[in-house]
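User: Hey, I've got a structure open here and I'm new to this. Can you walk me through it?

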Amino acid sequence: MNYLLQLVLILVLTKLGAHLANRFKLPTVIGELLVGVLAGPAVFHILTYGTFIHYFAEIGVIILMFIAGLEGDLKQLFHYWKPALTVATLGVIFPTAAAVLLCVGMFDFSLKTALFLGLILSATSVSITVQVLKEMSYLNTREGAIILGAAVADDIICVVLLGISTSLFGTASTQNSSIIGMVVPKVLFFVIAIAIALAKWLVPVFLKIASKIQSSENVTTGALILCFGFAFLAVEMGMSDVLGAYIAGLAISETNFKEQLAAKIEPIGYAVFIPVFFVSIGLEITFKGMQNDLLFIGLLLFVAILGKQIGGAIGGKLFGLTWNEANIVGAGMVSRGEMALVVANVAVSAGLIDHNHYTAMIVVTVMATLIAPSMLKVFIQRGKRVVSGIQLNKTSEAKS
């Protein structure tokens, strides 16, 4: 199919999907994700995941996380680093341990294969969560800061564990990659990125220089240069591109250009690129050959969702959150994405899982991502009702 026709179909269908989701009181992202499932190989086979959709989707998720950084608060993120790290750690331990017990106990997998399957389930993607938090005006809350901080820490933990696992259990080619060789570039990236984000003179000076250039949308272009530049740096050092884009957005959020750029970048992302990203997730679902693995997929999906929910909620509760707030944090960690796919690809390359189980893990990853937004919305709405009830009681008591 011609790429322009693909784009037209995606834009039309995502807007209709978002509209219907709104009518049924669901997060709009659910409608856009389901468009990918229905229009893709799983159902009607109108669209297929190709090179054009891949690159548009990559730009979409980078811009989405850049916008999240722009609307973020660097001070708040650093303030909640302890609960964020705890949530990330427990959110890795719970699903990994549960998956190992399930795979070894019920399906007779080897321990090393079970560990890799657990590691795939432990990798959070916050890009879908960000969209729901934005819709519900919850991005700049304490829970939002903990979720975003935990997602960053989660990436680091997964990369470290991936390096250790491939060194211990992988094939000869993957074992030759030392743990130090895998971990040091990631640490170096964070040192460089955080130094730039904290150096308040560097990003503002770059944007001021951009503002003096006599051309159209020069500041917006300057911001996108930072966005894609940080994303490139992250990829070159073995991290996720969305992490680099998020840190670039955070750095710009500390400047006087924040409001101006948020108003410019959001239309670029939400008009074209971000809808393609949401559809691309659904396009990766296929039901071919799944009938033999339905029990395996169903149980792993249960473990994937419950493990992250419980781990994240307990981590939040340990730092003084109410159970409602802790459940919001847990639900915010349920979504999976690019890091899970990276771990799955490494596991296949290392010969630790076969292609049938790789397909099953992709299905579990996408299904968890489809379910996560509704879970998060339910917990946020419940929390808002609790807060409203408390305020109403206080008002009544004050009047009496």
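User: Let's start with I252: does I252 count as buried or exposed?

Analyst: I252 counts as buried, since its relative accessibility is 0%. Buried means under 20% relative accessible area, exposed means over 50%, and partly exposed is in between, using a 1.4 Å probe and protein chains only. Keep in mind that this is a predicted model: local features need pLDDT of at least 70, side-chain atom pairs count only at pLDDT 80 or more, and totals for chains, interfaces and linings use all residues. Residues are numbered from 1 along each chain as its sequence is written, and side-chain values use heavy atoms, with hydrogens and water left out.

User: Where is I252 found?

Analyst: In helix 13. Helices here are DSSP runs of H or I with at least four residues, strands are E runs of at least two, and both are numbered from the N terminus.

User: And what is I252 in contact with, leaving aside neighbours within four places in sequence?

Analyst: With those set aside, I252 is in contact with F66, L70, V203, L207, A223, L226, K258 and L261. Contact means heavy atoms within 4.5 Å. Take L226 from that list: L226 and I252 are 26 residues apart along the chain, and their C-alpha atoms are separated by 9.0 Å.

User: How do helix 12 and helix 13 cross?

Analyst: Helix 12 covers residues 218-236 and helix 13 covers residues 241-253; their axes come within 7 Å and cross at roughly 140°. Axes are lines fitted to C-alpha atoms, for helices over the stretch in contact, and angles run from 0 to 180 degrees between N-to-C directions. So helix 12 and helix 13 are oblique to each other. Angles under 35 degrees count as roughly parallel, over 145 as roughly antiparallel, 65 to 115 as roughly perpendicular, and the rest as oblique.

User: Which residues make the contact there?

Analyst: Helix 12 brings A223, L226, C227, F230, A231, A234 and V235, while helix 13 brings D241, G244, A245, I247, A248 and I252. By class, that contact has eleven nonpolar residues, one polar and one charged. Ala, Val, Leu, Ile, Met, Phe, Trp, Tyr, Cys and Pro count as nonpolar, Asp, Glu, Lys and Arg as charged, and the others, Gly among them, as polar.

User: Now helix 15 and helix 16. At what angle do they pack?

Analyst: Helix 15 (residues 294-317) and helix 16 (residues 323-332) pack at about 135°, with axes 7 Å apart. That makes helix 15 oblique to helix 16. Their contact uses K308, Q309, G312, A313, G316 and K317 from helix 15, plus W323, A326, N327, V329, G330 and A331 from helix 16. It divides into five nonpolar, five polar and two charged residues.

User: What about helix 1 and helix 14, how do they cross?

Analyst: The axes of helix 1 (residues 3-23) and helix 14 (residues 258-283) come within 9 Å and cross at roughly 85°. That makes helix 1 roughly perpendicular to helix 14.

User: Switching topic: is T369 buried or exposed?

Analyst: T369 is buried, with a relative accessible area of 1%. T369 lies in helix 18, which covers residues 355-399. Leaving aside neighbours within four places in sequence, T369 touches L33, I128, I281, S335 and R336.

User: Last one: how many helices and strands does the chain have?

Analyst: The chain comes to 18 helices and zero strands. Buried residues make up 55% of its 400 residues.
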